[in-house]
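I opened my notebook to go through this one slowly, a topic at a time. Come along and check each entry with me.

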Amino acid sequence: MKKILVVDDSPVARKILISCMPKDFPLEITEAGDGLSGLHKFETLKPDITFIDLTMPVMGGMEVLESIRKTSPQSIVVVASADAQPTTQERCMSLGAFALLRKPPSVVSVAEIFSAIQDYLGKK
Amino acid sequence: MDISDEKILTNSEKEILQEIMNIGFGAASADLAEIIDVHVILSVPTILVLSPSELLSYIVSEVGPAKDLSIIEQNFHSKFSGMAMLVFSTGSGKDFLFMLRKENATDLFESESIEQFEKEVLKEVGNTLISACVGKISELLGDFATYSPPNVLTGRLADSGFSKNILDPANVVIMLQTCFNFSGKNLKGYLFLITSHDSIDWLRQSIHLFMKQYE
């Protein structure tokens, strides 16, 4: 069972992302509606994969990403964002994001992310 | 029409539209990065239903007095039709001049004066942001938008520049708003997409169709 944490202030965005996740293996999915509660849930749950949005109230996604990667450098964090600027992508990767998932996600794009994660974990 | 009536847009429909806008604004910022050399920080989009008489005072409360504004307005046409307004404080054209990537600046140097040059820059920025944003929203909702040429209103002109069809009292204004914050610069732009109740029925149908693919 893979533990997934989805952090996004938009319940619609969370629903879209979750609906695109693969159905062929069991996932335990937890949601958070802002960056700060996302960080708290990360610390309690220790999820296998965390998806975070960037534009969020209370605490933005970059801050959450930075904090998670500092405290748990082995964690897998995927940034799911509508912000497609090259500078944003560069910053996310420099902060240790595993991958970027451009919104709106699709079944195919999410499957590719999961596949890349599996490959990465298989090589470790 | 009672604009506070949830029959215009329910909270659930507003949430869906907000996420669609978020995606549209994200696409717009990426397109803008092709012509200016500054990172854009996006804000969480806002959706408001207003009467036309409330629109100007709302914009002024968000952005500043009407005479100190530069406004790029552009009509868009599709089943979701209306006007897009990109609003900056006066003098922003000069700020954008310095942010332009060199390969995009050369054509604009043919302008006759600095004021004209600034206007052309604002037009370029406005056209890029508006068409990317509206285009993406239309695409997500299964439609295709076309555009009238953008129009730049600056200084005193901005005071009287709001199109009459927007201020038609028979309209309900649905305002979709975000703020583009330009990193490291004291420069903010507000993008308002203004549509009327003529588009509402189609908008609501297409919002529900959009979400159906995720159920």
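**Aromatic pairs**

I counted eight aromatic pairs over all chains; rings of Phe, Tyr and Trp (its six-membered ring) pair if their centres lie within 6.5 Å, and planes under 30 degrees apart count as stacked, over 60 as edge-to-face and the rest as tilted. I looked up B:Phe88 and B:Phe182: the ring centres are 6.3 Å apart and the planes stand at 45°, so this pair is tilted. B:Phe88 sits in strand 4 (residues 82-89) of chain B and B:Phe182 in strand 7 (residues 173-182) of chain B, so the pair ties together parts that are 94 residues apart in sequence. I found both B:Phe88 and B:Phe182 buried; buried means under 20% relative accessible area, exposed over 50%, and partly exposed in between (1.4 Å probe, protein chains only).

Next I turned to B:Phe210 and B:Tyr214, whose ring centres are 5.6 Å apart with planes at 70°, so I call that pair edge-to-face. B:Phe210 and B:Tyr214 are buried as well.

**Ground rules**

I am working with a predicted model, where local features need pLDDT of at least 70 and side-chain atom pairs count only at pLDDT 80 or more, while totals for chains, interfaces and linings use all residues. Residues are numbered from 1 along each chain as its sequence is written, chains are lettered from A and ligands numbered from 1 in the order in which they are written, and side-chain values use heavy atoms, with hydrogens and water left out.

**Chain A overall**

I counted five helices and five strands in chain A. From the N terminus on, I read the order as β-α-β-α-β-α-β-α-β-α. Of its 124 residues, 51% count as buried. The C-alpha atoms fill a box of roughly 35 × 30 × 30 Å along the principal axes.

Most residues other than glycine have a negative phi, and most peptide bonds are trans. So which bond is cis here? I found a cis peptide bond between A:Lys103 and A:Pro104, with omega about -5°. A:Pro104 is in the loop between strand 5 (99-102) and helix 5 (107-123) of chain A.

I also looked for positive phi values. A:Lys46 has a phi near 50°, lies in the loop between helix 2 (35-45) and strand 3 (49-52) of chain A, and is partly exposed at 48% relative accessible area. A:Val58 has a positive phi of about 70° and lies in the loop between strand 3 and helix 3 (61-71) of chain A. A:Val58 is exposed, with a relative accessible area of 66%.

**Chain B and one residue in it**

I counted eight helices and eight strands in chain B. Of its 215 residues, 54% count as buried. I then picked B:Ile41, which lies in strand 1 (residues 40-42) of chain B and is partly exposed at 43% relative accessibility.

What does B:Ile41 contact, leaving aside its neighbours within four places in sequence? I listed B:Cys179, B:Phe180, B:Asn181 and B:Ser183; contact means heavy atoms within 4.5 Å. B:Ile41 and B:Phe180 are 139 residues apart along the chain, yet their C-alpha atoms are separated by 5.9 Å.

Definitions and conventions. Helix = DSSP H or I, 4+ residues; strand = E, 2+ residues; numbered from the N terminus.
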